[in-house]
Structure formats: C-alpha cells, structure tokens
Amino acid sequence: MDHVTISFAGFNRAWASWIADRLERRGVTVVQQRWDPPVEVSLEESLRDLTLSRGRVLVILSDWYFQLGPRSRDEWNRALREVVAADPDRFAAACVATSVFPGATAAFGAADLINIGAEEAERRLLVRLGLPTDPLPESVGAGQGPRYPADVPEVWGGVPRRSTWFTGREELLTATYEALHDAHPGAGVVALHGMSGVGKTQLAAEYVYRFGSEYDVVWWVPADRRALCRQKLAELAPELGLSTGAEYGERLRAVGEALRRGEPYAHWLLILDGADEPEHVWDLVPTGPGHVLITSRNPEWREHDSNLVESHLVEVPVYERDESVAFIRRRAPRLTPNDADQLAEALEDLPLLLDQTAGWLNDSDMSVEEYIELLEGGIDQDVVKVSADFPLAFRTAWSILLNKLKETVPESVGLLRLCSFFAPGSIPLHLLNRVAWDTVGGLEAFMNPGVLDRAVRYLRSYSVVRLEATGLPVTGSAEPGRALHMHRMIHRMVRGELTTADRAAYAEAARGALAAVDRGQPSDVRMWTTYAAITPHLKWAEVLESTEPPVQDLVLDCLRHMYLSGEYGSGVRLAGPAMTSWRALLGATHPRIWDLSHHYANLLRALGDYHTSERVERVAADYLGAERGEHDLAHLRAAGGLAADLRGLGRYDEALRLSTSIRDRYLTVLGEENYRTLNADNNLAVSLRLLGRYGEALEQDRRTLALRRSLLGEQAPATLYSELNCAIDLRLLGRDREAETALGQTVRRHLAAVGANNPQTLRARHNLALCRHFAGDPATGRSALARVRRDCLRLLGEHHPLTLLITASVACAERRVGDPDRALLLHEQVVAGYRSMLGHEHPYTIGTEGNLGLMRWTLGERDVAIQEIERAGSLMAGTVGEGHPWAIGCTLNALIARMRSGRTDEAYELGRANGPRAAALLGTDHPLTAAYRQAEDPERAERLDFWDFEPQIV
C-alpha cells in the first residue's frame, strides 16, 4: 500500500499530522482531507466522495467527526452500512475518543489509540493498515516530527478548557495557522480582532488545542490589564527554569529575553487574551522564534507594531448562518433547524449571545417564538438602532436577564452597578469587602453577613460574572485572593444605564474602597503587587474627580509606585489627566498641585521627555519662588527638577547657573551637611561634567563623597553614587588606570549594597567596561559592554535613556573589533532613538550621528561618511562651543578624515585651531590633546584613531 487519504474533523488536526508523519517515514504517500460535509449533501454521497482518492481511506474517529453537520445517529448508521460496510477494503479507522459512536461504526474495524503511548499507537496503526511494524532505520526514524497528540507540551499554563460547543471557524483557524508559520523569524504574531462576543477567546483556545502539540511551550496570558499581563508573563520564568529573583519585573524581563533567544525552548506559543488596548501592552509582545496569538477588540494593532514585530491581522466576524444553526442545535438539542435559524436571525449570529441564549432556552419551556416576541415587544423599544459596540440584540437580551435579577435578587443588580466602577475583567473580592455599604443607597443589605456571597452566587448562576483565583494573596493573609470576573460588555451596559446621582454614589463607594486598602509605602517592594492590583481600577472609580484627601493620597502613592517600579508610561497616562482634573477641582495653585507636578515631572523625565517635564517644573518653580520665596524647600525641589530638565535638553550653561544657585540656597537654609544640600552638590557636579569641565566636576564630587561617607555611611546608595561619579570623572580626564581601579571597587560595592539589577550598578559596570575596552583589551571590553546592554534591556527596555547611552558604547565597540553589520544596525538605532527623544539639534543626536559617519567610513562609504563627520564637527561646535571636549573630539574625526582623503592642508588647519583648546581645557596628558600632537607628525598621523562620542547621564 503506497497511498493513504486521512479524513479528519478539524478538531483532530494534530492526530492527522502525527499519523501522516509516521506513515510518510515508511514511504507512504499521504493526503490529509478535512471532513466537513455540506448539510445539503447526503452522508452517503460525502462518504463515497472519499473513495475517489487513491489507496485506503483512514478515518480518524471522534465525537467531532460525527457531530459536524449535525446529523442524527440514524443517518450515520444508514450511510456507514451503505458505503463503508459495502467496501471494507477501502476504509480503515483510528479511534481517538472514548465516546459511544453510532453502532455501524464497527464496520471500520478501528484501531484504538486512546490511553496508550506513542510507540504502541504507531504499532496498532500499522497493523490496522497492514504495514510492516519493524523498527525503522535510525536515519529514517530520527528527526523532529509532530509531537504525539496525547502528550502535552513541556510547559503548559493558563489555557482555558476546550469548548465543548466549538463550531465552524475552519477558514479562520487555517488562516491563523498559515499566518503564524509563514511569518519571518521574530515576527510570528497574529491578532484576532473583532467585536465583543464573536468568540475570539474560544477561537484562540481551539487553535491551542488543535496545534498545541507542535509547541514545547504554550502559555496563556490575560492581557486586558497591563499589570496582570506583566504578572502572568513573569510567572512563566520558573516554568522555563530561569534563574531570577522574586520580583516579577525582573522575571518579566528574563522571560522576554529567553523567548527572544529561543532558549531553552524555540517552539513556543504565547496567547495574549483580551488585549483591547494595544498601547498598554504592545511593548510586552515578545520577539523570537516562537509565535504570539493575540485576541483584541481593537483592529488597530498594526499601528502599534515595533520595528521588530509586525502583527498579522485576522478579523473574526459573527458566525455564518449555517455555523449559527449548527451551534444552536448542538447547544440546545431540543430546538429544530427552523427554530435555530429564527434565533440566529434575532441574535444577529453573535456567538456569545447564541451560547447564553440557546443554553437558557434548552433548560426552559419558552419557545423561540415567545423569546423573539419578548425581544421585539417593548422590553427595548429602540428596536432599529444598532450600535457598533453592542448590537441591539445583546442589549435587549441582557435587559431581560437584568429584569429577572431585579425581581429575584435585587441586591445582585446593586452589586453589578458597583462593580461597574471597578475595571472590567477581574475585580478582587477584597476590594468589595472594603466598601462602606451604608454610604450607598440600596446597598445597606450587604452589611449583613452572607448577602454578598448570595448576590455573587446568583450572578454566577446567570453567567453574568464568574469567580476566579487571582494568584495573589490578600494583604495580611497567606490565602490566595479571589475575584469576580465581569465581562466588558456587561460592564459598559450596566454603567451606561445609571443616573447621574447613582453614578456619583457608586463612584464614591468604589474609590473609598480603593483608598482603604492597606498598601504601605510605594518604596516598599513587598507592597508592589498590592499597588499593581489597585492601579487598574483608578480610572473606573473616577479617582481624579475626588477632592477627598485619602483618595488624592492614593493617587500620589500610585504615581510614586509607577515611577519606582518602572511603569513610566502608565504613570504619565494617569498623572497627565490628574493635572487637568485637580487644577479644575482645587485651583491651579493648590499645594496638592505641586506634589502632583513633582511626580508627573519625574515620570516624564524617566521617559526622556525633557521638554514636557521642563514645562511642568518651570510652572511649579516660578510660582513657588514668587509666592513663598526662593529659599522655600518646595520651590528648591522644583528648581532642582528644572535644572535636571535643562541638562536633559542640552542647555548646559543654564543648568549650571541654576544648579549653582540651588546649591548656595540649600547651604544657607540647611547647611552643608544636610542630605538635600548634598544632593544639590551632586547635581552641580553633573552640570560641570556635561560642560566638559571634568577637573572641576571631580573636585566637587570628591567633596560630596567625603561628606556622604561621613553622614550616610559607606554603603548608602547616595554615597555609592558619588563614588561612581568620581570614577567617571577620572575616566573622562584620561586617568584610565586610576579610573579602572576605582570602578572595579565601586562595581563590587554596588553589587553588594544595591544588587546587580539596579540602574546605578549598570552605570558602574558600563563605565568599567569602557575603561577596559580603551585600556588595551578591546575584545574583553566589548563582551562586557554587550552583557551590560543585555541586562539593561532586560531591566529598563530599549527606549530608556540609560539603554540608549549603553547601546551607543556597544555600537562603537562593535565598529572597532566586532561585527560591522551589527555595529551599523546599533548605530542607526541609537541615532533614531535620540532623534525621537531629543530632536535633531541636541548634542547627543549630533554626536551619535557623527559616530554613524565613522561607521560608514569603516564600511567604505567614504563620500557619505566624510559629509556626516564634518557635519557633526560643525554642528557640535555651534551647539556646545568650540572649546567643549565633544566639539574638540568631533573636530579630531574631521581632521583624520581629511588627512585620509588627501586634504592634508585642511587637516592641519583644524589641528592648529583645536590642539591648544584641548591642552587648555583637558591638560597636556589627555588623550585628545595627545591625538592632536600626533596629528602634527605626518608619519604618526597615519596611526591616529577616530574618537567616539559618548552621551552621559543628566
């Protein structure tokens, strides 16, 4: 036998693939044919069509094979007797289910593959087909074929149970499979999008069960809220065997890196379910050799694609009418085909409504005609108005249910209304337990024990909510928390029906519950999971509309948490509207506004948005200085932030003047030994360093370091920060041996005191790697820089200012001793990052564009390169002044390029102008000064090396 046609229901595709692989290894030609007989064609004719193929027909028997259609058992028995029993040599079967099939199925003489291992299953299959069962030669039997379908992937988590009623969608499943497998490496992302209730989640789950055997890892992540999405992704870390700490942010970054690298598993499938707000989670979509399947109401996922990932959009529409009819008849067997067609018409073929309504009707005595009459008879008089988000039938159907709830358990409707003022999706029960029930009219009954449980029970029984474990313990308890899950459509419908007065009361109760949570200090890492559980609900509880001090404290604490935990984008999205709302509620000059401004500016600055943070800080500093005087501590706090913004914007002279003034005022108010004065001393040194006045910066940093050691101790983070700055000053002054020794010591101290994953530790490691790279061991330095960048990406992400700075160093190291193609890519990424963050005229943009010119020179693109090198020298001198080390360094590159292009006289002209500047500013022993001396000697000038521009922390 050399040909076999496998006939299978789409549900059993994994079995078909595995069987085909086992047969093809033995030289059998296999054709796989999905079984989906048209309703209008008889079963007999459909079975006979199978015999048109060559060889044997192998049928994979399961419930799904017989349920497609659907057909009665009598129909099946007649067809099997007439076609299969009459031609037994053409048919064989493999049974992959334990169900009771139509009696005439015995004609197949099926091989039973249930509850046995792969080896025995293969043997039984071969025996049934009359093929030899001898072991294959090792060269034929080896290889990575499909996984045996009864075996689960190595890692499997969070996947919902397989829908018993899943129907149709074959084309969508095929399109999804092909889009994922045809995608370029690192771009296997499919977003299933469509309106609420079309069955996106069920479709994704069906894809997992059909094709999950092709993966080593299958991980399901709820993605309707960023915090939960991050948490669930982080929970994959131990499943992958990754060595991380307990903090889930660290685990999250480790998971992203492991998936990107495909280690330990390259065949992975990640499902992000309910990602309706791409802007909140798109940066969590991993790249790598695996696949990502997204479900979302939002059809605009492609607008949020990164430069590494492009999502393929697959629209999930409502059912086709034949799918609706088939589904209803399986969900409600008592309904006739005509009933099913009428119901599908009335409910507009929306799967969620078909499921809920057909299930209810199957247990009810109500006829379909009566139900449709209710829909059309006055429950919702606006019968012709269709909403894009909520079809008419959905709103009407839920109105019926809500009316029933009002009659039977009225307090459950009150609970629903309150829940609509928390975020849709998961609502932790411990939040509801903190509601002051006596403050909301109609909810007083919940003060009695058991009433809340009774209301929840009734809501669950009508599938309005479901109860789920949160995976997080309740504060103060070791027990895992539980939550109510409320569908987004129900949430919006219930909330939209409330009067203005009711909205105000329910919102007050919800935000009071949030404010009452024992959340501790935002700086306490142990409380971060509590904050992560609170923050998604702030918007829905309308916390920004409250003037209550506890609620405003909650907002400020959450903003501080978002800053400390690295959720900068989420923090900005909360703080920006808070500024608008609080100004309207409290007035533009209320003390709360300045506290809020401080958090808002910190978050903006952390994202590199110095223009906006400068505007925020300037308003605060100007007002507080005018009203309270320039020695007021709140004013000085705002002024210090403003100086940092000026440094970020490249306005270094202004920043120095302001930094000097702030330091002098702190000295007057607090004295030199106060921690805030020392902070101002530190910031003054930063301003000096950015102006290239490295010697003065070192002097200032050494004074600050001595005082911090005396007042704060050797291991205090602020002390270590000053220690690091002193070492950086030494390196910038060209005192490499001293700098390397100091950096080696401070790296060890940072690791011991604040840990490897602290950004300050990364800065120390970065500078130590630079020292080694330029001190005669470029290969070791390059490897060390690459490791620091990898850790920074994991900790902070690719767009953080520190990541960009380190990437700039890695790009230069790769250009010198590494991979030119990788170097070019990194240089281009850095330039694009700085252009986006700081604009074309910022010194960092100009300097890294000059580095890109050096890269083009290395690649042989001399004409383009020399233009970019010359342009960087000219622009840098105009931006920071001719006497700045950056301008001197960029000009050195132009000098070298001119020399190597034969423009010797023009090169000497640059040397004569800039050599003295370098000596005056940096001293005669500095590498830049030495380079200009070398340029004066024609023989030695040939060995001159280009100077790399290096951004700095502001």
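**Note on the predicted model**

1. Helix 13 has cover from several sides of the fold list: helix 3 (63-67), helix 14 (337-346) and helix 15 (351-362) are among the elements that cover its buried residues. This is a predicted model.

2. Which residues of helix 13 are buried? Helix 13 runs over residues 321-331, and its buried residues are E323, S324, V325, A326, F327, I328 and R330. An α-helix has 3.6 residues a turn, so residues three or four places apart point the same way.

3. Now K200. Where does K200 sit? K200 lies in helix 8, which covers residues 200-211. Is K200 buried or exposed? K200 counts as buried because its relative accessibility is 9%, and the cut-off for buried is under 20%.

4. What does K200 touch, leaving aside neighbours within four places in sequence? Its contacts are L192, H193, G194, M195, T295, S296, R297 and V316.

5. On the whole protein: the secondary structure comprises 43 helices and 14 strands. The C-alpha trace spans about 105 × 75 × 50 Å along its principal axes. Of the 954 residues, 54% are buried.

6. Contacts come next. Among contacts with a separation of 6 or more, 67% are between residues 24 or more positions apart.

7. Last, surface and charge. The accessible surface is about 40200 Å², and carbon and sulfur atoms hold 48% of this surface. The protein has 105 positive and 131 negative charges.

Conventions. Residues are numbered from 1 along each chain as its sequence is written. This is a predicted model: local features need pLDDT of at least 70, side-chain atom pairs count only at pLDDT 80 or more; totals for chains, interfaces and linings use all residues. Side-chain values use heavy atoms; hydrogens and water are left out. Helices (H or I, at least four residues) and strands (E, at least two) are DSSP runs, numbered from the N terminus. Buried means under 20% relative accessible area, exposed over 50%, partly exposed in between (1.4 Å probe, protein chains only). Contact means heavy atoms within 4.5 Å. Accessible areas come from the Shrake-Rupley method with a 1.4 Å probe; for residues, only the protein chains shown count as cover. Lys and Arg count as positive and Asp and Glu as negative; His and the chain ends are not counted. The place of a charge is taken as NZ of Lys, CZ of Arg, CG of Asp or CD of Glu.
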